[in-house]
Every structure is written in structure tokens, then in C-alpha cells.
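Good morning, and thank you for joining this meeting. Please look at the structure on the screen while I describe its strands.

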Amino acid sequence: MDTKYLLAIDIGTSGCKISLFDLAGCIISTYLGEYQTYYFGENCVEQDAGDWWEQVCRGINEIKNSYDINTDDILAIGVDGHSWACLPVDRDGLPLRRAMIWLDRRAEKQTAYLKDHIGEKKLINTNGNPVDSAYITPKMLWLRDNEADIYKRTYKFLQSNAYIVYKLSGEYSQDSSQGYGFHFFDIHKSEWAEEIANELDISLDLMAPLYSPHEVVGRVNRSAAVETGLKEGIPVVAGGLDAACCTLGAGVIKPGQTQEQGGQAGGMSIVLDKAVIHPKLILGNHVVPDKWLLQGGTVGGGGVLNWFNRELGFYEHKLAEEQGKNPYQVMSQEAASVPAGSEGLMFLPYMAGERSPLWDTKARGVFFGLSYDKGRKHLIRSMMEGVAYSLRHNLETAEEVGAVAEELNSVGGSANSEVWTQLKSDITNKTIKIPYADQATSLGAAILAGVGVGVYSNFEDAVETTIKIARVHKPDQAKLNIYHDYYQLYIDLYQKLKDSYQVLYNISEN
């Protein structure tokens, strides 16, 4: 009997991942392709949607040809994508400009307008999310104010996964899990809030039809089949937010279960059976029907060690080559040799401002406590600890509205480090489980596709079939006690530096 497959497409911040899974959730093949992120001006960060599609086509063709895959055996396709991408397309589905992605926070003036014109309380009560320039609504208003010709020519505003779904099927879609990026989306009803859209003079005609993430939007059309090498007619589901797909791929689908994200960015997602709003956290629909995710999203995750590896990691690269390891394994070894608390060295992981729960675009990374007795290993461990403090900060913020994480399922690149995972457990006082997969986001997208075409009878069946736990970390109470005072200092440091961040910004801009 021929093996059947599910294809997952992950449009991430740093690149595109194409993954082929069998129906048991085992990875058959993966392609990783990078594309450029454009940083320019003041808080301007963009990506070219054409680059997304180019990597999708290249990746699918490579997998198909390298592994001699019969595309007749691919049952369905799921697509996930990074959040808050604002991509205007014309009537032919052609991008009118590069997409403003989640890191783009240029629309400060429009954010202030939203707060003044509609009122922050009304927007939060409707949408469940902070009024911040990273979201899509301020970006739409920025385009209307600054690129009026493009705004007038826009037929639909699409997000990253929706654009790929369109390229595959020719059908426009807006999945419910990405709806929270629009402040005129009613998070309680999972539908557009027409009153707020009217107050902002935003036509809902600019929005694509709403779908549940596992719903089939269309099928691979002839044009896409030619470009990708796929068989024409393969079902394509709407897909969803990468963090929500990652939560599903971690096996987190029931209220109280929590996913901890250790990718380029960090954060956590607590599953709820109703919409519970905290003004400093992110609330969105889960990709699982009738469930919500109260999320903490931080800019500091695996990206802090990526930065260290890129800019300062020459020594780790040399050791890794000598030992037959990768540089991140060497970093974990170095971090393990330093006591809890990094002997008094602290790190604030705000490398591109900070999202929840601070929402401060001016915040920046800080090493605090450097001295002549500190070495590379101290820097590395303190960076790991700083990310863990930010995780604890979000978890404690969620507890203020009764959303308590019982235990965490951790996924993403940093979950491969037993040292990093253990210190997260110690700092948060939570048991952390590691699913036996390094492909949680892509697996979540594949599960959506499988549920959408009936491969799995429901999400519970899908999780039971595809997800196993590889290891478990329990908190060390002695280290928890050590970390308690360091964590309080972590919180205090930001408060003391908050005004100084603004001063630094003013000086650097003049």
C-alpha cells in the first residue's frame, strides 16, 4: 500500500520551511529556504511576498524530486504564517508593495489616532488585544495616510499564510486565528466588528472571507501545479497563525494546557475555553475550534543566541568544529558550567523593543553586572536566563486574569537545549515537557490539513496519533529560590531604565 502524506508550508520570520509528514506525524522530508528581511528607516521592517512564494515553489520541487515523491499521495496542504503581516494585493492577487511584518512598528501616529478616535478600552474589549503599532490596523491606516494610491488600488489585505493559500488555489481567505491582528475583529464572536470598521472608514470589502483554519479553501490550481510540481486538485486548507499551529503541534489543545515557544521569538500560549482579556497580553482564536489562546509574545527567544552566534560566536564555532557538534550545543555546555544566576550577571532580552507585557518599542537589550571575572559562558547563560525571566513575566501576567498554566509543552529550537529548558523550568516553577518533534509548527499545519480532509476524525484523534513526549523537566526548588531575587531585579531594572530608553532613543535619532 502506498504511503500517504500531508504537506505543510511554514512562512516564518527568518525563512520558509516545507515539510512532508506521513499520517503518523513522522517527518519524511524538510526544506529550509531563507529570504531577505528589509530593515530601514524608523522601525520599518518588510518582506517581499514574491520571495515567500519563490521559496515555496523551490522547496516543494526539491522535496518532490529528491525523495521521488508521487504527489498523488499528498492528501492535503496546510499553511501557517507569521502574524500581523500587512500585504495589500490588487484584483489579480498581485502584491502592491512589500509586506509590513510583525516587527514593523512605524505606525505610531496611527496607533495614537486609534486610541483617541475609538478609545483604547473599546478596542481592547472588542478585539482583546493591546492597541500597538505592531498590529495590522495601524499599518492599514499608515498606508492610507502615506501611500494613498496603493491603498486605493488594494482589493484585499492578506496575511502571510493567506497569500500562499491564494497562490496555491486562487482563492482569497482570512483564517480566524489570524483575525486578532485587526482591531475591528470581534474576538468573542470570531467575526468582523462592522461598527468599528465603519468608525475607522475601513471597508470590510477589503477583507477576505473568514474561514476556520482547518476548512478547505480551494484546491491546487493549474498555475500552481506547474510552478510547484504538485498535482492539480490537492485540497488546501486556510491554515493559521504560526504560534497557534505550533501550539497544536505541541499537543496543546485543552483548556489549561500551555505551549512555550522557543523559536526566534519567545512566548507562551495558554488554551482557554472562552475569550479572557488581559490588556497587556495577546488574545487570539486557537486553530482548534471554540478555543482561544492567551499569549505572551516576546522579541527575545532563540534569537538572542542567534545574535550571539552571528556576532560573537567565533570561539563556539571553532569548538563545535573540533567536537563534531553545532555551536548551540557548545553554548549549552558553556552555560551549564555557570551557577544559577550567572554569578550576578543579568540580561534584558529586548533586542528589538519588547512586546508583551511591556509593549515598549524603545526598550533595548542590556547586560547588567559585567565585571572582569565574567566570561563568554556567563554571557551565554545570562541570555538564556533573561529569556526565561521574560517567560515568567508573561505567565504571571496571565495569572492576573485567572489563566494559570499548569505545565508547559516546549517547542522550537531552544527546546533542543536541555540546559536552557531546565533553567526555564527552574525560573518559572513549571514542569516542562518536550514533544518528540522539532517540527511542531509545521506539524500543526499538517494536522489542520489532515483534520480538514478527514484523515483524523477530530483534533483529539490527531494529537493522540501524531504527538509523543520525549523528555520531561521538573523545577529544582533550590534553584527556584536563587532565581526569585534575580527575577525581582529583572522586573525592577526595566522600570528603572524605562525613561532612559526614551532618552537613548531621542539622542540616537538626533
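Helices (H or I, at least four residues) and strands (E, at least two) are DSSP runs, numbered from the N terminus. Two strands pair if DSSP finds at least two bridges between them.

The model is predicted: local features need pLDDT of at least 70, side-chain atom pairs count only at pLDDT 80 or more, and totals for chains, interfaces and linings use all residues. Residues are numbered from 1 along each chain as its sequence is written, and side-chain values use heavy atoms, with hydrogens and water left out.

Let us begin with strand β1 (residues 5–11), which runs antiparallel to β2 and is joined to it by seven bridges. Leu6 has Phe21 of β2 as its bridge partner, and a hairpin of three residues links β1 to β2.

On to the next pair. β2 also pairs with strand β3 (residues 27–34), in the antiparallel sense and over seven bridges. Here Ser19 stands opposite Thr30 in β3. Four residues lie between the strands in the hairpin of β2 and β3, where Gly25 takes a positive phi near 85°.

Is β2 enclosed or open? Eight of the eight residues of β2 (residues 15–22) are buried (under 20% relative accessible area, against over 50% for exposed and partly exposed in between; 1.4 Å probe, protein chains only), so β2 is largely enclosed by the rest of the structure. In a regular strand the side chains alternate between the two faces of the sheet. In β2, Gly15, Lys17, Ser19 and Phe21 point one way, while Cys16, Ile18, Leu20 and Asp22 point the other way.
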